[in-house]
Structure formats: C-alpha cells, structure tokens
Amino acid sequence: MAPVPIPPYLTLDEKQPGVAERLLLDAAKQVGLTMAFEVYPAKRCRLRLAQGQSDALPLAATESNLPDFQFPMRGEAVDTSRRIASAQLVWVKRKDSMFDWDGHRVQGLDPSALLVGTRASVRIATDTLKPLGLRVDDSAFDVAQLLRKLLAQRIDVAVMLREEAQAQLPDPGRQALQIVPIPLLNSDFYLGIRSGLPAERQAQAEAWWDAIGKLRDKPEYRPR
C-alpha cells in the first residue's frame, strides 16, 4: 500500500491498525492465512506485485487495473459484496478559486486550461479525470506534496480521498484550501491479487475475499 495513512481505514501502525487493516488481518486469520503488511510508494507496490514479491494490494477496480490484477468476481462483473470499503474522491481547491463541480462537469473555469493534481499511481483518479478532457499532473509523491503544489498554484485543483483531505486540511498552513462540496466519484476498493497464482493460492484468495465480505459490515470494521 502507499506510504500515506488514510484514517480511519489505514493507519500504517501495527499497534493501532485502521478499520480496513483490521478487516484484512482478521479475514486472513479466519481462513488460515498469515498476513504481513508492507509499506512502499504506490509504484513500488505495483512493481513488487508484478514481480511476485508480494501477493495482494488494496485497489479500486478501475478500467486500467482490471487487466493487471485479479479482483473478486461474480460472473463477468466485480463482486461489490466482497469489497473492503467504499470511499469518495473529492476535489480540493484554493478558497479564492472560481472552480466548482456540479457532479458531472467543471464549472467556473475553462476545463481545457485546468491542471488537476493527484498522487502518483492513483489510477482511480487518473482514469476518472482523463475522460473528462482534463489535464492531469500525477507526480506528487504524497498528499502533503500535492497540497503544497496547490498552495503554490502549480496546479489548479487537487483530487484525493475525502479522508486524506479531512486529515490534512486542518493544518494551519492550509487554511486557504477547502473541499468542494460535491465529490468527483464514489468508489469501492478491493483486495487486488496478482495474476498467475497456482490453484491452491487462488483458492485461498477466494476464501479471503469471501471472509472480507462477511466481516466488512460488522460494527468493528465500520468507520466511526
């Protein structure tokens, strides 16, 4: 996973795991798997998965992710009942910006001149933004760097998970920023598994996905 805490889902703290981390750990234990978290930049996480150095990664089932990773399926469709969590991608803008979003299209600024920033390797953001005809800068290593670029006017608006924005914006140095009320996207996240697993490991992955789906809606795994 990426080296950015996303409370309440991911804390990257083994002593106080977030709700998604506890869900993955407890579901793995339930089906007899031993799980260990590895924390690397997003691009390196994908590379390690592709090289067989790790087995799974929390991901959105985007059009560009589907060919590269295995997701829990029901027939030809991704099985939403076995998701880890649902989350929102939101816009963050400078308070003096005329940018707005009506849920379908950009308002207040010329979309063709807009430069939208997001974190590196967040495919759910780039896969959503580019079909809208928007230019995307996905070079920021983490959310803090992304927000610095926004404050410095190197990008016009930023896109991130709502929980990332809510955790970062209270900082006194970011009072000039705000979340746009209408989110860009509501999306589900899943445990993506590397392709080419032997039959035994594939069966374990299916059992893990099943356990995630059965545990997810219990109170102890819900964001508070």
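What follows is a short exchange on a helix pair and on a pocket, both taken from a predicted model.

Biologist: How are H1 and H6 oriented to each other, roughly parallel, roughly antiparallel, roughly perpendicular or oblique?

Modeller: The axes of helix H1 (residues 19–30) and helix H6 (residues 199–215) come within 8 Å and cross at roughly 125°. Angles of 65 to 115 degrees count as roughly perpendicular and those over 145 as roughly antiparallel, and the rest of the range that applies here is oblique. The pair H1 and H6 is therefore oblique.

Biologist: How many of the residues in the contact of H1 with H6 are nonpolar?

Modeller: From H1 come Leu23, Leu24, Asp26, Ala27, Ala28 and Gln30, which meet Trp208, Ala211, Ile212 and Leu215 of H6. Divided by class, the residues of this contact include 1 charged and 1 polar, and the nonpolar ones number 8.

Biologist: Which element gives the largest share of the lining of the largest pocket?

Modeller: The largest pocket, with a volume of about 480 Å³, is lined by 24 residues, and Met35, Ala36, Asp55, Ala56 and Trp208 lie nearest its centre. Two or more lining residues come from each of helix H2 (42–50), strand E1 (56–60), strand E12 (185–194) and H6. The largest share, 4 residues, is that of H6.

Conventions
Residues numbered from 1 in each chain as written. Predicted model: local features only at pLDDT ≥ 70, side-chain atom pairs only at ≥ 80, totals over all residues. Heavy atoms only, no water. Axes fitted to C-alpha atoms, helices over the stretch in contact; angles between N-to-C directions. Parallel < 35°, antiparallel > 145°, perpendicular 65-115°, else oblique. Contact = heavy atoms within 4.5 Å. Nonpolar A, V, L, I, M, F, W, Y, C, P; charged D, E, K, R; others polar. 1 Å grid on protein atoms, 1.4 Å probe; cavity = no way out; pocket = protein on both sides within 12 Å on 5 of 7 lines; lining within 4 Å. Points joined across faces, edges and corners; volume = space filled by probe spheres on them.
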